[in-house]
Amino acid sequence: MDFRIERHETPVSEDVVEEIWEMWQRVPEQVGMGSHISQLRDDLTNVTRPEERKLLYTARVEDHLAGTSLIWISRRDPLLCEFGLPATSPEFRRRGIGQALFNAPVGDFREMDGEAIFLGTNHPPAQRVYRRAGYRKLVGSITLVNILSGDTPEAYFEDYFRGLGPATVHPGEAADRTPAVPLVHSAHDWQVMDANVGSFSRRYSVHRGYAGQVGRFIQLLDGDASTFFAGRAGRRGKVVGLSTAVLRDADCAVDAFTHHRYADVWRSLMEAAAAWGAENGATGSSAKVSVEDEEKRALFEDAGFTEAGYAGEFLLDGMHLRDHPNGRSVSAIRLERP
Ligand SMILES: CC(C)(COP(=O)(O)OP(=O)(O)OC[C@H]1O[C@@H](n2cnc3c(N)ncnc32)[C@H](O)[C@@H]1OP(=O)(O)O)[C@@H](O)C(=O)NCCC(=O)NCCS
């Protein structure tokens, strides 16, 4: 039985949203479809993530919807995109539909001169289909990357940050989501890139979720008690550093990290977070730093922070099993600046 692949630009009609929802109810695997249609509807009608161009792919066998996939193309940097919504309805599997749904956006994005497609997956059966579509796994992460030039992800990530000129600091925006993926997924020399959002370097800790790695920074924009700043560089506004600020009463917890080539912007990023705290009622700033991240601690101390005691542990590469930490615990110290 033949199938055909169709491409739709969002927003799509309510009928299409409902048809997709209905198909996904028959997909038994838990691969990221929310528990209510509203999330899907909001994404496919551009209520959420309007800062990205979305191309939806559907597979049809006669009149039946047999599968879907989607790419979110960054409007800030249209050379980067993310892939998602991948499934074939169980009754139509093992006839090449999944492969066609994974391949079609790769081909289209290549025609748009795209550079890289990112996604996260833990689902073993999908791995071969992804690999055949050109995706490769990052070390220390469940993230897959399709580098359309054929370079390795490692080479691409290294080149991505070369020669961008000076970085400048800006209030964080939802549009930083995809442009921040290379930074947050680059193995950093520090164990803890950002303590406020639990962002650890994949050099020391395996990234088990994909979207959350950057999503947790974007979520700081919800509500009034937290925010983030982005260091951006070059014509494409590549994100080369991030800082965060989280208010707790009169204290503003700050943190910051940059790509190693843009260490110069660390201080301005951190100070932007601290200044935001002061503008929003904080009387002082604090930071939580791994005892092994001595370079980061020195940067905070150069900026006037002083040690204020033990601050608990970072669980670097593990999880809590029945409430017991199972992984590598590293002590943290608290630094403060009035
Ligand atoms: C992953 C998924 C999309 C694949 O869908 P699919 O339509 O079955 O994919 P394909 O038919 O292209 O390929 C699947 C297998 O069928 C085989 N196949 C393809 N055409 C075939 C045919 N005509 N006859 C027999 N087998 C065939 C492929 O070689 C492939 O085999 P292998 O991977 O075991 O080596 C589907 O299993 C699915 O929806 N899974 C749940 C959701 C999911 O995991 N999504 C990814 C999460 S990030």
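This report walks through the domains, helix packing, ligand shell and backbone details of one protein model.

## About the model

The structure is a predicted model, in which local features need pLDDT of at least 70 and side-chain atom pairs count only at pLDDT 80 or more, while totals for chains, interfaces and linings use all residues. Residues are numbered from 1 along each chain as its sequence is written.

## Two domains

Let's begin with the overall layout. The protein is split into domain 1, residues 4-156, and domain 2, residues 167-337; such bounds come from an automatic or database domain assignment. Taken over C-alpha atoms, the centres of domain 1 and domain 2 are 30 Å apart.

Where do the domains meet? On each side, 17 residues are in contact with 17 residues of the other domain, and contact here requires C-beta atoms, placed from the backbone, to lie within 7 Å. β4 and β5 (116-120) are the elements that give two or more residues to the side of domain 1 that touches domain 2. Helices (H or I, at least four residues) and strands (E, at least two) are DSSP runs, numbered from the N terminus. That side of domain 1 has six nonpolar, five polar and six charged residues. For these classes, Ala, Val, Leu, Ile, Met, Phe, Trp, Tyr, Cys and Pro count as nonpolar, Asp, Glu, Lys and Arg as charged, and the others, Gly among them, as polar.

## Helices that pack together

Two packed helices are described by the angle between their axes and the distance between the axes. Helix α1 (residues 14-24) packs with helix α2 (residues 37-44) at an angle of about 135 degrees, and their axes are 10 Å apart. This makes α1 oblique to α2. Axes are lines fitted to C-alpha atoms, for helices over the stretch in contact, with angles running from 0 to 180 degrees between N-to-C directions. Angles under 35 degrees count as roughly parallel, over 145 as roughly antiparallel, 65 to 115 as roughly perpendicular and the rest as oblique. In this contact, α1 contributes Val 17, Ile 20 and Trp 21, and α2 contributes Ile 37, Leu 40, Arg 41 and Leu 44. By class, these are six nonpolar, no polar and one charged.

A second pair is α3 and α4, whose axes come within 9 Å and cross at roughly 50 degrees. These two helices are therefore oblique to each other. Gly 98, Gln 99 and Phe 102 of α3 meet Val 129, Tyr 130 and Arg 132 of α4.

## Around the ligand

Which residues come nearest to the ligand? Of the 19 residues around it, they are Thr 88, Arg 93, Gly 98, Gln 99 and Thr 121; a residue counts as near if its C-beta atom, placed from the backbone, lies within 6 Å. β4 (80-88), α3 (97-111) and α4 (124-132) each supply at least two residues of this shell, and α4 gives the largest share, four residues. The shell has eight nonpolar, six polar and five charged residues.

## Two backbone details

Most residues other than glycine have a negative phi, and most peptide bonds are trans. The peptide bond from Thr 10 to Pro 11 is cis, with omega near 5 degrees, and Pro 11 sits in the loop between β1 (4-9) and α1. Leu 85, in strand β4, is not a glycine, yet has a positive phi of about 55 degrees.

Technical notes. Contact = placed C-beta atoms within 7 Å.
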